[in-house]
Amino acid sequence: KTISGKLIVTCLTFFPPLCFCITGHNVFILALNYGGAFGVALLLGVFPPLMVWRGRYIKNFQGKYQVKGGKLSLIFVLFVSSLVVLNTIFEQLI
């Protein structure tokens, strides 16, 4: 909470990405690409069906509204999201 502490935190936050940008021009963009591709696939494709599965079938929560399809639709969404993650991995390796 002191000025010197804030300066240290600021330097630790901005100095490493700055070093990567200066030394390797594509490294930072490549890191953002990986983080974006996997982050979106996990946050929007994998985690929501897993949370619904846990809420419905493990904790037995009952809501007013449920999307039709049950376990089959959750498995399908997880499968498609897994394909997106695998496709992203293969694209980055090739």
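Q: Is the crossing in which α2 passes α3 left-handed or right-handed?
A: The crossing of α2 past α3 is left-handed, a term used when the near helix is turned anticlockwise from the far one by less than a right angle, with clockwise giving right-handed. Before going further, note that this is a predicted model, in which local features need pLDDT of at least 70 and side-chain atom pairs count only at pLDDT 80 or more, while totals for chains, interfaces and linings use all residues. Residues are numbered from 1 along each chain as its sequence is written, and side-chain values use heavy atoms, with hydrogens and water left out.

Q: At what angle do the axes of α2 and α3 cross?
A: The axes of helix α2 (residues 27-58) and α3 cross at roughly 165 degrees and come within 10 Å, the axes being lines fitted to C-alpha atoms over the stretch in contact, with angles running from 0 to 180 degrees between N-to-C directions. The two helices therefore count as roughly antiparallel, the word for angles over 145 degrees.

Q: Which residues does Val 77 touch, leaving aside neighbours within four places in sequence?
A: Val 77, which is in helix α3, is in contact with Gly 45 and Pro 49 once those neighbours are set aside, contact meaning heavy atoms within 4.5 Å. The C-alpha atoms of Val 77 and Gly 45 are separated by 7.0 Å, although the two residues are 32 residues apart along the chain.

Q: And how far is the C-alpha atom of Ile 75 from that of Pro 49?
A: Those C-alpha atoms are separated by 8.0 Å, with Ile 75 and Pro 49 lying 26 residues apart along the chain. Ile 75 also belongs to helix α3.

Q: Is Thr 88 buried or exposed?
A: Thr 88 counts as buried because its relative accessibility is 10%, where buried means under 20% relative accessible area, exposed over 50% and partly exposed in between, using a 1.4 Å probe and protein chains only. Thr 88 sits in helix α3 (residues 70-93) and touches Ala 37 and Phe 38, not counting residues up to four places away in sequence.

Q: Switching to the loop between α2 and α3, what is the phi of Asn 60?
A: Asn 60, found in that loop, has a positive phi of about 55 degrees although it is not a glycine. Asn 60 counts as exposed, because its relative accessibility is 53%.

Technical notes
Helix = DSSP H or I, 4+ residues; strand = E, 2+ residues; numbered from the N terminus. Parallel < 35°, antiparallel > 145°, perpendicular 65-115°, else oblique.
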